[in-house]
Amino acid sequence: MDALHDPQIRVMALHALEYCERLFYLEEVEEIRLADADVFAGRSLHLDLALENALEKSEVDLSCETLGLVGRADIIKKSNGEWIPFEHKKGASRAVDNAHHAWPPDSLQVVAYAMLLETKFGLPVSEGRIRYHRDNVTVRVAVDFDARQRVLSAAARARLLRSSPNRPPVADNDRLCLHCSLSPVCLPEEDRIARNKNWSPIRLFPPDREGRAIHVTSHSAVIRRSNDQLTIQVKDADDLHFSSNEIDSLILHGYPQITTQALHHCAYNGIPVHWISAGGRYVAGLLAGAGSVQRRLRQFKALSSPALCIDLSRRTARAKAESQLRYMLRATAPHQDRPRPCVLAANSIRACVKDMSNAASLDEIRGCEGAAARAYFDIFPELIKNRAPAEMLPDGRTRRPPQDRFNALLSFGYSLLYQSTLTAIVAVGLDPAVGYFHTPRSSAYPLVMDLMDLFRVALWDIPLLGSVNRLQWDPAADFNVTNAKVWLSASGRKKAIALYESRLEEKWKHPILDYSLSYYRTIELEVRLLEKEWAGEPGLFARGRLR
Ligand code: SF4
């Protein structure tokens with residue numbers, strides 16, 4: 001495709017390309033853009049730039065079909081009859097031998113603007129200037145033959161990468177990643193560990209969640225938009241206001257009302273909205289953003305491979321069963337006091353883990369996984385201490401609808417986990433409808449069901465059993481019980497939500513990556529590691545285990 005028919009390349013994309021080809025690919029091809037603190041600081045710097053006289057223009061849009069470039073120069077200034085592009089950078093210049101130089105991505109950028117200025121005004125441009133605000137120096141950049149060639153070569157390379165289905169490898173220079181806004185998405189250190197077990201990783205993946213989930217449990221609540229805020233109005237209570245940047249998801253339980261304006265606001269700001277029925281069943285979600293086409297195409301292609309699906313299913317089922325086993329053994333330690341049913345259940349889970357390692361089909365893996373789950377759920381009464389009320393004891397695993405209080409709690413917590421996992425999958429840019437293990441039989445998304453299996457024990461089974469043993473549930477007030485089913489009352493829902501949300505905030509240490517992070521971030525991390533399985537950087541997915 002020639003430059004006339006290929007979409008134009010942003011000059012800022014050339015800046016990213018010069019910094020790291022993978023950064024260019026993630027931003028331009030996979031359409032991932034995150035604004036970190038440095039990016040925000042750079043933006044406000046641009047807003048603050050004041051023009052000194054009439055021969056200056058700011059934020060000048062430039063484009064040229066022949067060059068195939070488009071961009072917006074910070075400032076252009078006319079001096080001695082010649083236009084000069086000025087770029088303003090928040091950081092410091094590159095110091096070499098006591099002299100100030102421009103960083104290569106910055107000089108490439110300003111030369112590209114110079115070339116665009118030439119075509120706009122039909123006049124030669126011989127230099128560009130870059131103002132580095134941290135050390136308060138201005139560096140001149142010559143727009144000579146070599147500099148122009150660099151721009152043309154970079155544009156050609158950008159076009160080539162844009163048409164490639166393969167994401168470039170992580171940068172050899174790991175110091176670049178320290179200042180890269182996309183490091184939480186790119187996971188360069190995780191990739192280096194996967195390739196080199198002795199690599200000492202620098203912590204780049206964020207440990208904590210940045211926003212919080214807002215659960216609306218009152219049926220009389222109305223959620224409206226007011227300016228940049230969501231306002232929750234409940235009869236006879238003060239209005240609650242939340243700015244969009246403090247919310248990472250909005251979960252509506254039962255039948256609260258939400259206005260179209262509030263839904264628009266959530267969609268525009270990337271705030272997922274989830275509906276959970278009064279009975280605790282996940283109903284639907286509104287998640288903005290279709291995700292990158294390239295990411296989805298890679299996912300569809302990868303998950304149409306039976307061999308990969310079997311491999312991922314085996315790893316997921318093993319991770320789940322081993323977590324069940326470890327928790328059960330931990331909860332019934334020391335081993336000499338372990339009840340006989342727990343010893344037998346542990347033996348059968350061990351046998352299932354062994355069998356699933358050799359299973360050659362998805363059906364065989366499902367059989368092993370189901371047998372391990374039955375053994376695990378059957379010993380739940382053994383994990384509940386004697387002083388807990390008898391009504392809180394589970395009678396096997398029942399769902400749709402749950403038949404006892406414990407199962408009502410289990411199902412409700414899994415619905416919350418479902419929405420967290422769905423949110424993470426969509427945030428990473430994958431399609432939740434295309435999974436590798438669960439068959440698409442119900443309305444539940446298969447990929448969400450697949451990935452949830454990694455977190456059921458840690459995120460809900462453990463805190464739930466702990467709360468029952470701490471006598472946190474009121475069997476009368478926290479549940480609605482009929483002959484046909486049991487579900488949570490308003491007070492029960494509130495307690496369960498608080499328990500789940502506080503578990504999401506808790507930190508644990510990933511045994512392979514050797515850093516601590518919240519369970520909330522762990523879900524996102526596993527989705528990103530899954531995506532790497534088919535993006536040429538495999539090996540770390542489903543390696544986390546309870547200690
Ligand atoms: S984190 Fe490192 S490897 Fe990844 S895009 Fe940024 S600079 Fe490149």
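I shall begin with the basis of the model, then turn to its domains and to some particular backbone angles.

This is a predicted model, in which local features need pLDDT of at least 70, side-chain atom pairs count only at pLDDT 80 or more, and totals for chains, interfaces and linings use all residues. Residues are numbered from 1 along each chain as its sequence is written, and side-chain values use heavy atoms, with hydrogens and water left out.

The protein chain is assigned domain 1 (9-186), domain 2 (212-286) and domain 3 (306-383); such bounds come from an automatic or database domain assignment. Between the C-alpha centres of domain 2 and domain 3 the distance is 38 Å.

Now to the backbone. Most residues other than glycine have a negative phi, and most peptide bonds are trans. The bond from Ala333 to Pro334, however, is cis, with omega near 0°. Pro334 sits in the loop between helix 11 (306-331) and helix 12 (340-358). Helices here are DSSP runs of H or I with at least four residues, strands are runs of E with at least two, and both are numbered from the N terminus.

Where do we find Asn136? This residue occupies the loop between strand 7 (127-132) and strand 8 (137-142), and its phi is positive, near 55°. Asn136 counts as exposed because its relative accessibility is 52%; the term exposed requires over 50% relative accessible area, with a 1.4 Å probe and protein chains only.

Asp236 also has a positive phi, near 65°. Its loop runs between strand 11 (229-233) and strand 12 (240-243). At 79% relative accessibility, Asp236 is likewise classed as exposed.

Conventions:
Buried < 20%, exposed > 50% of the residue type's maximum accessible area, 1.4 Å probe, protein only.
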